[in-house]
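Please walk through this model with its interfaces in mind. Start inside one chain, then move to the pairing of chains.

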2 protein chains.
Amino acid sequence: MSDHGPARVTGLDVIDIRFPTSRQSDGSDAMNPDPDYSAAYVVLRTDARDGAGGPLEGHAFTFTIGRGNDVQAAAIGALRDHVVGLPVDAVCADPGTVSRALNGDSQLRWLGPDKGVMHMAVGAVVNAVWDMAARRAGKPVWKLLADAEPEWLADQVDYRYIEDALSRDDALMLLREGKEGAFAREALLLERGYPGYTTSPGWLGYSDEKLVRLAEQAVADGFTQIKLKVGADLADDVRRLRAARAAVGADIRIAIDANQRWNVAEAVEWTKALAESDPYWIEEPTSPDDILGHATVRRGVAPVKVATGEHVPNRIVFKQLLQAEAIDVLQIDAARVGGVNENLAVLLLAAKYGVPVCPHAGGVGLCELVRHLSMFDFVALSKTTEDRVIEYVDHLHEHFEDPVVMANGHYTAPTAPGFSSRMHAASIAAYRYPDGDFWAADRAAAEQQKGSHA
Amino acid sequence: MSDHGPARVTGLDVIDIRFPTSRQSDGSDAMNPDPDYSAAYVVLRTDARDGAGGPLEGHAFTFTIGRGNDVQAAAIGALRDHVVGLPVDAVCADPGTVSRALNGDSQLRWLGPDKGVMHMAVGAVVNAVWDMAARRAGKPVWKLLADAEPEWLADQVDYRYIEDALSRDDALMLLREGKEGAFAREALLLERGYPGYTTSPGWLGYSDEKLVRLAEQAVADGFTQIKLKVGADLADDVRRLRAARAAVGADIRIAIDANQRWNVAEAVEWTKALAESDPYWIEEPTSPDDILGHATVRRGVAPVKVATGEHVPNRIVFKQLLQAEAIDVLQIDAARVGGVNENLAVLLLAAKYGVPVCPHAGGVGLCELVRHLSMFDFVALSKTTEDRVIEYVDHLHEHFEDPVVMANGHYTAPTAPGFSSRMHAASIAAYRYPDGDFWAADRAAAEQQKGSHA
């Protein structure tokens with residue numbers, strides 16, 4: 001509490017952070033040959049002194065893959081006036097009101113609505129609010145959500161444009177049912193964690209040898225599902241998928257991921273051509289905007305399942321993917337839509353339609369964030385982990401204060417307060433773009449290289 | 001041609017331009033109470049000396065409504081490296097290649113894909129390329145398009161994600177058919193212009209008296225259709241629509257526009273409650289992302305027609321609106337999607353599905369741009385203006401070098417080379433934000449006001 005009236009949000013800082021991941025082909029796929037995993041990172045500052053260690057803060061970020069991270073940072077900065085000056089008590093007591101105010105700015109809304117750079121900026125600020133609220137409550141976000149009253153949670157959701165599929169009454173009923181047996185599930189979660197699957201073997205830029213080695217390693221590590229990138233060359237995909245199937249055996253699920261590479265007809269044909277190796281799901285077969293296209297693909301490739309979501313911009317498109325029976329697996333992303341509040345809407349929609357949620361993760365920090373949403377979903381909403389797995393990629397976790405810890409192919413439940421969204425100060429100092437230590441040294445080395453060749 | 005090799009694109013300038021339109025409630029509707037019409041304006045500079053008056057340039061812009069225009073400007077700037085250095089001949093000979101390169105940047109694509117701030121930035125740069133190409137050709141854009149060979153035009157379109165609805169062969173057939181009688185239609189266009197309708201009477205912030213007066217004026221000016229904003233208060237809407245109907249009589253079409261204010265069920269109920277005054281179409285009844293919702297609304301409100309498009313982000317969503325039979329009227333916007341090339345895809349889709357295109361316009365400069373697309377559509381694609389009208393709003397035309405000229409409710413065909421996208425240098429100098437003459441004087445006056453009250 002400050003000396004002068006109630007504690008308030010006093011600042012919103014934005015930092016452009018980039019990691020040079022493209023240099024190892026980490027994260028390479030049919031649409032993204034050279035991603036430099038990046039974060040448009042936001043810090044909400046306050047003058048609230050909650051316990052030890054300085055004033056309360058909330059951290060979060062939008063994940064991008066390099067160029068344009070500055071544009072994303074500018075968009076987050078455009079939201080500053082909506083949060084600076086707000087009383088910390090009110091913000092932490094009701095993030096939904098902040099979320100509605102950010103989405104409701106009529107002038108900024110023109111830049112979406114509910115999609116793209118501006119909407120992801122809203123998501124970053126909303127997630128920073130949840131990080132702050134959870135820190136104040138002394139709980140990880142998953143437990144803050146799981147402990148919340150159904151009425152309060154139902155009020156965190158904006159039903160505009162989804163009421164034909166999910167009303168507040170529907171949400172309330174689902175959340176009340178979710179309370180049954182929640183305590184036992186929480187104990188189970190803390191004991192066993194939440195199942196993950198790994199994409200680490202399957203990047204398109206890896207050799208067959210590396211693919212096989214990493215696939216075998218994944219099974220040894222306790223994973224029961226792996227994922228391979230496909231879509232650049234059919235003959236390569238047939239060969240790589242056979243090699244992976246031979247390496248892991250019949251009982252391990254192998255998902256395949258085309259990263260939007262195909263038209264609708266092509267998606268059906270290509271997936272059928274890979275069916276001999278028994279892929280579990282085909283992910284992002286075509287444009288994330290093509291609801292009717294996904295429905296066509298799903299009818300065409302069954303029993304292979306259809307999955308999408310990491311690029312689905314908002315709850316309105318997710319609603320329709322469910323209404324049109326276009327997907328078997330719904331893949332939320334913690335940093336694509338408008339933050340925890342909109343993801344809560346999506347989790348509720350999925351629960352109502354009985355479609356399992358298997359989050360997208362990887363990149364930088366996405367694993368750290370999204371586990372909170374799946375763990376809440378298990379404890380207090382869907383009540384099951386059957387056919388549910390969180391993507392896991394073993395990159396860049398070392399930069400986070402509360403990093404993902406895997407055990408026997410499962411995400412362990414984080415217990416530290418907050419959203420696990422905070423990076424180490426040293427990592428920020430090194431990878432801040434373009435002036436961080438790493439980038440400055442990198443430029444100096446490039447200059448020297450140029451000089452020695454001159 | 002420069003002295004050193006072929007002429008090239010030498011620079012991309014971005015200017016943040018804002019007009020204080022909110023002070024007169026111009027443009028007020030149920031979702032946008034206080035828009036400040038703005039342009040994130042781009043200038044492509046070259047060292048090509050085409051005839052008189054300095055080097056060849058291409059101008060265009062993204063339209064926004066105020067806050068966030070700086071974010072939009074930053075996004076346009078992020079595309080600089082994709083165009084600076086390109087040979088002017090190649091750019092003008094094939095804007096489609098530039099369009100594909102801009103949309104294909106794998107790192108920037110993450111910020112959409114195909115939607116929001118980054119996609120509108122692509123649209124601005126692509127439109128600037130068309131302005132440049134048309135100037136070099138010495139033709140207005142509509143005529144450049146209408147004169148083009150079907151094969152060349154068909155190659156300007158990216159069929160990715162729409163091939164299940166429109167193949168290159170489909171496009172080619174439509175464009176070849178469009179050539180039949182094109183010369184006679186061009187003559188007719190030059191003589192009569194293209195029909196418009198006016199939204200000027202119907203802003204939500206206007207009094208009933210002003211509404212009636214402007215509606216009567218619109219009929220006197222030769223318009224056969226007007227539009228009213230609705231969606232804030234049902235009783236007000238019933239009263240305003242009755243007043244408008246009484247003022248214009250039974251033969252004038254009255255469109256109504258909810259600007260996305262409603263959920264699906266509410267859209268049906270509200271529109272039915274207004275049916276007594278015989279509205280022609282209901283525009284933007286709900287979220288522009290809700291394809292299935294629009295289909296439900298359309299079934300529920302017939303014979304009132306359903307229109308949308310000004311916020312539809314791309315060809316993929318337009319494709320589905322047509323596939324799902326969700327709209328009666330398709331409303332392209334010149335500055336929302338990825339520029340002329342993507343709008344060409346949308347016009348072809350609409351022609352294939354037999355749905356009339358009635359463009360969204362207004363704001364700043366949208367009337368200037370979009371008339372080119374409808375005029376091409378009439379001359380060389382759909383071959384008719386039946387049930388087709390371009391929105392007209394009488395704001396801010398004075399800032400353009402080649403402004404819209406209306407005659408008897410029709411847009412006259414522009415004959416000056418280019419895309420009519422160029423603002424007067426004096427307007428830019430005055431409304432450049434925040435340092436233009438108008439804004440500097442405005443701040444000084446506000447300061448003085450504050451001082452005199454102190």
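Domain bounds here come from an automatic or database domain assignment. On that basis, chain A is divided into domain 1 (9–140) and domain 2 (182–426). The centres of domain 1 and domain 2 of chain A, taken over C-alpha atoms, are separated by 23 Å. Contact means heavy atoms within 4.5 Å. By that rule, 41 residues from domain 1 of chain A meet 45 residues from domain 2 of chain A.

A word on conventions. This is a predicted model, in which local features need pLDDT of at least 70, side-chain atom pairs count only at pLDDT 80 or more, and totals for chains, interfaces and linings use all residues. Residues are numbered from 1 along each chain as its sequence is written, chains are lettered from A and ligands numbered from 1 in the order in which they are written, and side-chain values use heavy atoms, with hydrogens and water left out.

The size of an interface is often given as the accessible area lost when the parts come together. Buried area is the accessible area (1.4 Å probe) that two parts lose on being put together, summed over both. Between domain 1 and domain 2 of chain A it is about 3300 Å², with 61% given by carbon and sulfur atoms. On the domain 1 side of chain A, Ala30(A), Phe61(A) and Pro140(A) lose the most area to domain 2, together 17% of what that side buries.

A salt bridge is a side-chain nitrogen of Lys or Arg within 4 Å of a carboxyl oxygen of Asp or Glu. The rule finds two of them across the interface of domain 1 and domain 2 of chain A. A polar contact is a pair of N or O atoms within 3.5 Å; within protein, one must be able to donate a hydrogen and the other to accept it, and residues adjacent in sequence count only if both atoms are side-chain atoms. Domain 1 and domain 2 of chain A have 12 residue pairs in polar contact (both at pLDDT 80 or more).

How many residues of chain B are in contact with chain A? The number is 61, and they touch 61 residues of chain A. The copies meet through the same surface, because 100% of the interface residues of chain B are also interface residues in chain A. Together the chains bury about 5100 Å², 54% of it on carbon and sulfur atoms.

Six salt bridges are counted between chain B and chain A. Arg67(A) and Asp105(B) meet through their side chains in a salt bridge at 3.0 Å, N to O. The interface of chain B and chain A also has 35 residue pairs in polar contact (both at pLDDT 80 or more).

Over all chains, the structure holds 72 salt bridges. Within chain A, the side chains of Lys319(A) and Asp164(A) form a salt bridge at 2.9 Å, N to O.
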